[in-house]
Amino acid sequence: MVRAYHLILTCYGFWLPNDPRGSYSSRVWSDAIRQFGEATKVNTHRSIAHRQHDHNARRAAKQALLRSPVRFNGKQAQCVAKAIGDIATRHQLSVRACAVMPDHTHVVVDRHTTIDAEGMIQRFKAKATQSLNAASLGFDGTPWSKGRWIVYLNTPEDVERATLYVEQNPIKAGLRPQHWSFVQPSRNRDG
């Protein structure tokens, strides 16, 4: 039985469908990047970000995008986190961990009785987009890619591993640890 979800909301340009490390995409829709190869679909539920790959090929494909890849600055990241917190509060979601990275966001959240993982992602993205646009923080439209990643966490060990991964993600990227008021730290270790 699913206990929680590890949701990954990706910004435009973060992980392309033909990324040399693999992707969850079945097709490359954009003519601009199709020249760099077809979709590199993989069938794994574990992160593949660590795989060795051709960094130059990945950079070249990103440079061919129709617009620049999205990279949140500090103010934008805070706005995204506040929007996630607003949705979590409004819908009584139990968030175990959250990390707003420059080009993607991680949220570990307990299973909910009425909102599924896709519904949570939809609400998080919509509220964050609305908040960024309302605050005039440099976006006219959405910063998000169309896709989403959901990891279903079935055991206390799965939840703990995902929570620690998300907590450590900013630190591993050379950023400061993130502490958001809507994250429920007392629940982080109870599985």
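Let me begin with accessibility: a residue is termed buried under 20% relative accessible area, exposed over 50%, and partly exposed in between, using a 1.4 Å probe and protein chains only. The model before us is predicted: local features need pLDDT of at least 70, side-chain atom pairs count only at pLDDT 80 or more, and totals for chains, interfaces and linings use all residues. Residues are numbered from 1 along each chain as its sequence is written, and side-chain values use heavy atoms, with hydrogens and water left out.

I turn to the salt bridges. The term denotes a side-chain nitrogen of Lys or Arg within 4 Å of a carboxyl oxygen of Asp or Glu. The whole structure contains 4 salt bridges. One of them joins aspartate 86 to lysine 82, at 3.1 Å from N to O. These two residues are 4 apart in helix α3, which places them about one helical turn from each other. Helices here are DSSP runs of H or I with at least four residues, strands are runs of E with at least two, and both are numbered from the N terminus. As a general point, an α-helix has 3.6 residues a turn, so residues three or four places apart point the same way. Aspartate 86 is partly exposed at 27% relative accessibility, while lysine 82 is exposed at 54%.

What are the relative accessible areas of arginine 96 and aspartate 110? Arginine 96 has 3% and is buried; aspartate 110 has 7% and is buried. Their salt bridge has its closest N and O atoms 2.3 Å apart. Because arginine 96 lies in strand β2 and aspartate 110 in strand β3, the pair ties together parts 14 residues apart in sequence.

A further bridge, between aspartate 103 and arginine 71, spans 3.3 Å from N to O. Aspartate 103 sits in the loop between β2 and β3, and arginine 71 in the loop between α2 and α3, 32 residues apart. Aspartate 103 is buried at 14%, whereas arginine 71 is exposed at 53%.

Finally, the aromatic rings. Rings of Phe, Tyr and Trp (its six-membered ring) pair if their centres lie within 6.5 Å; planes under 30 degrees apart count as stacked, over 60 as edge-to-face, and the rest as tilted. The count is 4 aromatic pairs. Phenylalanine 72 and phenylalanine 139 have ring centres 6.0 Å apart and planes at 75 degrees, so they are edge-to-face. Both residues are buried, and ring pairs join Phe72, Phe139 and Trp144 in a cluster.
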